[in-house]
Structure formats: structure tokens, C-alpha cells
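This report looks at contacts between side chains in one protein. Please have the sequence and the structure in view while reading.

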Amino acid sequence: MKKGNGKYYILSTKTKAGARLLPMTDEVYRCFVTILERRRPPKVEPIIDGVGKFLYYDKNGNPMIALHWEHYFKYSVRKYNNIYKYQLPRITPHICRHTYCTNMALSGVSAKTLQYLMGHSDISITLNVYTHIKFDDAQKEVELIQTRQQKEMENIRKELEQVGEIQPKVIRFPNKA
């Protein structure tokens with residue numbers, strides 16, 4: 001949504017891939033329900049390009065647009081940096097998309113699923129622009145794979161022992177008693 005010439009209008013997505021249904025967890029759904037229950041609706045519910053029941057409104061009862069959120073982020077970072085020694089960098093709502101994409105990739109979401117969730121028509125945008133993987137992230141993933149493989153091999157060994165395909169190693173020590 002954007003405001004221009006004193007009017008609000010809803011922008012179309014950059015690509016066809018941007019227009020999509022997004023699945024959500026039960027927890028996210030409950031958050032949206034809570035927002036709708038707690039919000040103070042404007043005196044007159046605005047309808048913009050046939051869409052209404054927006055989640056957030058500004059002080060004038062108009063739907064909040066990206067610029068509102070950018071100001072909130074800027075204010076929050078400035079307030080934090082005035083209090084604490086460790087300074088936060090500039091944070092914008094768009095940076096949250098990068099963080100979301102990286103966290104989803106690190107949690108094991110497949111590249112194609114991530115491309116769909118991000119609404120990118122080209123997977124290279126998802127992987128090369130929005131996903132920020134560092135050495136430590138790669139090292140953790142390799143360690144997880146190794147642990148998983150070790151557990152799998154142990155389970156296979158136990159299963160083979162149970163069916164009698166292999167005998168457990170028994171080391172016999174001479175009895176010197």
C-alpha cells in the first residue's frame with residue numbers, strides 16, 4: 001500500500017511470484033487474531049481498492065504504510081542507542097525480510113520453498129541476495145549432518161545385531177584370578 005496525491009492505493013507485486021498465499025503456524029495465526037481483537041478500529045473502516053480490515057491504523061484512522069514502520073524502527077534504534085553502549089545498526093522493515101530468509105534457510109527450509117515464501121520469481125535472488133550464511137553457520141550444519149549420520153549408523157548396527165546379521169564385538173580378557 002502506498003500514499004500518493006493524498007490518496008491511498010494498493011500496489012501490485014513486482015512479479016507474478018509475489019502474489020501468493022502464505023501458510024502460517026498456529027502461533028502466527030493467534031497473533032493476528034490478537035492484533036485484530038485489541039486494535040482500536042477507526043470510526044469509519046477505510047476500504048482501499050476493495051480491501052478493508054487492515055491490521056494497523058495511524059492516528060488519523062488511515063492504514064499504516066511502509067513509511068510509518070520505517071519511522072518506528074528508526075525511533076526504536078535511536079532510543080536503544082541512546083541508552084546502551086553496544087550500538088545497533090540501521091534497521092528497516094526490509095532488513096527483517098533478509099533476517100527471515102536467512103533464519104528459514106538455517107532452519108532447514110528447502111531453497112524452492114524459501115523462494116516461494118519470499119515471493120521471488122528467480123531463486124538466485126533468494127539464495128544470493130536474501131540469504132546470508134557465514135562460516136559458523138556452515139560449520140554447524142556440517143556438524144549436524146555428521147551427528148545425524150553417526151546416529152543413523154548406530155541404529156543400523158543395532159538393527160543388524162537384533163536380526164543376527166552381525167555379532168556384537170566382544171573382547172575377552174584372560175581371567176587371571
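Is E154 buried, partly exposed or exposed? E154 has a relative accessibility of 31%, so E154 counts as partly exposed. The term buried stands for a relative accessible area under 20% and exposed for one over 50%, with partly exposed in between, using a 1.4 Å probe and protein chains only.

## About the model

This is a predicted model, in which local features need pLDDT of at least 70 and side-chain atom pairs count only at pLDDT 80 or more, while totals for chains, interfaces and linings use all residues. Residues are numbered from 1 along each chain as its sequence is written, and side-chain values use heavy atoms, with hydrogens and water left out.

## Salt bridges

Side chains of opposite charge can pair when their charged atoms come close. A salt bridge is defined here as a side-chain nitrogen of Lys or Arg within 4 Å of a carboxyl oxygen of Asp or Glu. The count by this rule is 3 salt bridges.

One of them joins E45 to R39, with 3.8 Å between the closest N and O atoms. R39 is buried at 16% relative accessibility, whereas E45 is partly exposed, with a relative accessible area of 28%.

Helices are DSSP runs of H or I with at least four residues, numbered from the N terminus. R157 and E154 both belong to helix 6, which covers residues 135-162. The two are 3 residues apart, about one turn of the helix. R157 and E161 are 4 residues apart in helix 6, which again means a separation of about one helical turn. R157 is partly exposed at 31% relative accessibility, and E161 is partly exposed at 26%.

## Aromatic pairs

Rings of Phe, Tyr and Trp (its six-membered ring) pair if their centres lie within 6.5 Å; planes under 30 degrees apart count as stacked, over 60 as edge-to-face and the rest as tilted. The structure has 3 aromatic pairs. In the pair W69 and Y72, the ring centres are 5.8 Å apart and the planes are at 70°, so the pair is edge-to-face.

W69 and Y72 both lie in helix 2 (residues 66-83), 3 residues apart, or about one turn of the helix. W69 is partly exposed, with a relative accessible area of 30%, and Y72 is partly exposed at 46%. Together with Y56, W69 and Y72 form one aromatic cluster.

## Cysteines

How many disulfides are there? A disulfide is a pair of cysteine sulfur atoms within 2.5 Å, and the count by this rule is 0. C96 is in no disulfide either, as the nearest cysteine sulfur, that of C101, is 13 Å away.

C31 is partly exposed, with a relative accessible area of 44%. C96 is partly exposed as well, with 36%.
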